[in-house]
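User: I am new to this structure and would like a close look at a single part of it. Please take me through that part slowly, in one connected answer.

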Number of protein chains: 2
Amino acid sequence: MSRPEARLGTHLPVSPPTLADVAERAGVSRQTVSNAVNNPDLLRPGTLERVREAIEEMGYSPNRAARNLRTRTSQLIGLRVSPVQEGTANAMMDRFVHTLVETSALAGHHVLLFTGDDEDPVAGYDNLLRSTAVDAFVVTDTYLGNPQAAWLAQQRAPFVAFGRPWDRADARHPWVDVDGAAGTRLATEHLIAKGHTRIAWIGWRKDSPIGEDRRAGWLTTMHEHGLPTTGLASRVEDTVQSGGEAAAVLLDESAPTAFVCASDTLAMGVLHTLWLRQLAPGRDIAVVGFDDSQVAQVYPVGLTSVRQPLEEVAVQIVTALHALLSHQPPAEDGVLLTPTLVVRQSS
Amino acid sequence: MSRPEARLGTHLPVSPPTLADVAERAGVSRQTVSNAVNNPDLLRPGTLERVREAIEEMGYSPNRAARNLRTRTSQLIGLRVSPVQEGTANAMMDRFVHTLVETSALAGHHVLLFTGDDEDPVAGYDNLLRSTAVDAFVVTDTYLGNPQAAWLAQQRAPFVAFGRPWDRADARHPWVDVDGAAGTRLATEHLIAKGHTRIAWIGWRKDSPIGEDRRAGWLTTMHEHGLPTTGLASRVEDTVQSGGEAAAVLLDESAPTAFVCASDTLAMGVLHTLWLRQLAPGRDIAVVGFDDSQVAQVYPVGLTSVRQPLEEVAVQIVTALHALLSHQPPAEDGVLLTPTLVVRQSS
DNA sequence: GCGTCCCCCTTGATCGTTCCAAGCACGGGC
DNA sequence: GCCCGTGCTTGGAACGATCAAGGGGGACGC
């Protein structure tokens with residue numbers, strides 16, 4: 001029994017061929033075609049060849065919905081996109097998302113984007129989860145107090161976080177993160193090697209664990225080298241203006257010769273202050289940022305910056321997801337990757 | 001017959017409730033529950049209330065795969081993400097993608113990301129299309145010679161393009177685009193109003209229709225005001241370095257007092273040259289970019305730039321997609337939106 | 001020649017939802 | 001009290017794939 005519309009030479013879009021259509025053409029059963037696609041080893045070479053030809057000729061591709069229904073799998077990975085913050089320099093997600101999409105494709109998965117209600121951050125996850133629309137999630141914004149990771153863990157939903165669980169109360173779950181302290185350590189040691197001794201820190205407010213982590217890298221490295229840190233640290237909002245103001249105050253009060261910043265955004269503020277004071281970045285005062293964002297690369301005076309290995313992060317996340325979905329017990333909860341330092345003219 | 005695992009108080013993830021489970025609980029049939037979800041008007045208020053309570057209590061959400069299979073619909077919109085180009089300033093896609101995701105969500109759709117083989121740009125589309133994994137596509141990179149739009153049109157696949165069909169050979173299809181010429185016209189008239197008469201153009205090579213469109217806006221506006229253009233235009237690669245070099249040459253040979261650029265990337269190059277020559281952007285020489293990228297906003301001397309209404313583009317695209325999927329004959333093929341000018345210190 | 005085993009393939013059932021057509025209850029009209 | 005139309009509700013079928021068994025044929029050993 002072949003479907004009528006596939007026969008008619010109509011101009012209407014014909015429905016794509018099904019497993020049964022291919023089976024009929026190849027003179028085998030449905031299951032054999034299915035095996036040809038999913039378990040080629042089970043077929044005799046001759047049969048396999050014949051089925052493959054039929055598949056090729058008819059342009060057959062398995063219907064996703066039917067397969068999803070039967071296997072209780074969607075081959076989709078959910079990723080929540082958070083609102084765009086204009087004015088900050090972190091166009092960093094682009095790089096991550098692209099690699100994630102590419103890597104997942106290799107593992108046979110696609111990436112599904114969804115937005116979150118800001119009032120109910122969990123709603124988006126809940127919907128997709130209950131309707132079995134996605135197999136797993138990638139959670140990116142794991143700042144302290146974000147309930148998503150804990151909620152997902154409690155629901156026993158498969159997910160991997162980009163970011164460590166800062167809160168001890170969070171149930172254990174797989175995560176991949178970048179060692180921020182190692183990054184600022186790289187930056188600080190680079191500056192020390194260049195002969196700097198008065199190296200200032202401009203970071204975020206104290207309630208950001210990520211910020212504190214990055215600050216610790218600077219602090220311990222300075223201490224290890226017996227260098228002073230008192231009066232050389234400042235905590236501000238993550239904006240260009242705040243960074244500039246902090247740099248101005250530090251320059252006036254503590255006379256640093258170099259700045260390590262918790263973000264490229266803050267570093268841009270520092271560069272702005274240097275510009276106003278006719279100081280040449282890299283020659284008079286060194287500046288190092290964090291994230292290696294596009295501004296760092298495009299800015300006339302290239303900004304030295306700590307670069308997160310986002311490509312590797314994506315690969316590790318997909319690996320962890322794959323293990324999770326295969327129900328393999330994870331070897332370890334988390335993976336901590338080390339960033340690199342991209343040296344440009346500003347240092 | 002209720003599923004056993006839903007009864008057991010096991011720690012294993014229980015499969016979510018189905019339509020039948022809800023029906024049993026509410027004391028109605030499957031179809032009634034389905035109607036309560038999809039056509040509430042068909043139910044008597046009392047029944048509707050009862051079913052809704054059951055749905056709420058059990059946390060029911062329709063299984064996506066089953067629904068997709070039956071309705072031959074996936075509620076997914078495919079979007080190809082192109083490789084990240086480091087060094088260019090176009091973090092512009094972020095804004096677009098986010099609005100697209102948000103707007104589609106309102107229409108009940110999700111966004112599926114996929115990558116394309118660079119060698120076979122059509123492969124990714126073909127796979128998703130044949131496996132009925134997506135309902136429609138949004139095509140973003142519609143540069144001349146890109147076969148995707150034409151191929152999709154030929155396949156009668158539903159899609160909306162962000163970008164005009166520059167090639168007349170392309171079959172007709174819905175599109176949404178931003179009027180680049182109107183943008184550079186805004187920029188040029190802004191500079192003329194500021195008293196500039198020697199306004200230079202730095203754009204892309206001739207084979208880019210988008211670049212030619214933007215160039216035309218500058219050219220016609222200059223002509224309309226009886227201003228000179230000879231020796232004031234240059235065409236280069238879209239890199240910071242090329243923009244800087246072009247600016248240097250133009251400054252030496254034609255003494256312009258203002259620059260209109262085809263991109264923020266090129267404008268950054270111009271700013272760099274000004275920096276090297278100790279010229280103050282905005283006071284000595286005016287500069288206008290295109291795209292209002294993050295560098296334009298973060299750069300110490302704010303860069304005046306043409307801003308594309310990406311949010312509106314996304315809304316229009318979703319509207320067109322909705323019409324397309326409802327088989328409503330589109331009122332018109334394309335929608336052309338007008339950009340705005342964000343004036344900052346550089347002009 | 002016959003039974004046994006194994007490999008390769010086929011058949012029927014199933015996933016959870018929506019479509020279809022028939023069933024039943026309720027109420028009005030006579 | 002009976003008939004009939006309207007409207008909510010119902011069981012059966014279908015979407016297209018995979019899972020779980022069942023069956024047929026050839027090779028091999030006795």
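How do the residues of the surface near DNA strand C divide into nonpolar, polar and charged?

Analyst: This is a predicted model, and what follows should be read with that in mind. The residues of the surface near DNA strand C divide into 9 nonpolar, 11 polar and 7 charged. In total 27 residues surround DNA strand C, and the closest of them are Thr32(A), Thr47(A), Arg72(A), Leu19(B) and Gln31(B). On the DNA side, sugar and phosphate account for 62% of the atoms of DNA strand C that come within 4 Å of the protein.

Some individual contacts give this surface more detail. In chain B, an N or O atom in the side chain of Asn38(B) is 2.9 Å from a phosphate oxygen of DNA strand C. The elements that give two or more residues to the surface near DNA strand C are helix 2 (30–38) and helix 4 (64–71) of chain A, together with helix 2 (30–38) and helix 4 (64–71) of chain B. The largest share, 5 residues, comes from helix 4 of chain B.

Of the atoms of DNA strand D within 4 Å of the protein, 61% belong to sugar or phosphate, and the rest belong to bases. A phosphate oxygen of DNA strand D is 2.2 Å from an N or O atom in the side chain of Arg72(B), and another contact places a backbone N or O atom of Asn63(A) 3.1 Å from a phosphate oxygen of DNA strand D. From chain B, a polar backbone atom of Leu42(B) is 3.1 Å from a sugar or linking oxygen of DNA strand D. Here too, the elements that give two or more residues to the surface are helix 2 and helix 4 of chain A together with helix 2 and helix 4 of chain B. For DNA strand D, helix 4 of chain A gives the most, with 5 residues, and the residues of this surface divide into 9 nonpolar, 10 polar and 6 charged.

In chain B, Asn63(B) caps the N-terminal end of helix 4, with a side-chain oxygen 2.8 Å from the backbone nitrogen of Ala65(B). Helix 4 of chain B is followed by Arg72(B), whose phi is positive, near 55 degrees, and the side chain of Arg72(B) has the 2.2 Å contact with a phosphate oxygen of DNA strand D.

The axes of helix 1 (residues 19–26) and helix 3 (residues 45–58) of chain A come within 9 Å and cross at roughly 125 degrees, so helix 1 of chain A and helix 3 of chain A are oblique to each other. Their crossing is right-handed. Asp21(A), Val22(A), Arg25(A) and Ala26(A) in helix 1 meet Arg50(A), Val51(A), Ala54(A), Ile55(A), Glu57(A) and Met58(A) in helix 3, and by class this contact has 6 nonpolar, no polar and 4 charged residues.

Conventions: Residues numbered from 1 in each chain as written. Chains lettered and ligands numbered in written order. Predicted model: local features only at pLDDT ≥ 70, side-chain atom pairs only at ≥ 80, totals over all residues. Heavy atoms only, no water. Near = heavy atom within 4 Å. Polar contact = N/O pair within 3.5 Å; in protein donor to acceptor, adjacent residues only side chain to side chain. Helix = DSSP H or I, 4+ residues; strand = E, 2+ residues; numbered from the N terminus. Nonpolar A, V, L, I, M, F, W, Y, C, P; charged D, E, K, R; others polar. Axes fitted to C-alpha atoms, helices over the stretch in contact; angles between N-to-C directions. Parallel < 35°, antiparallel > 145°, perpendicular 65-115°, else oblique. Left-handed = near helix turned anticlockwise from the far one by under 90°. Contact = heavy atoms within 4.5 Å.
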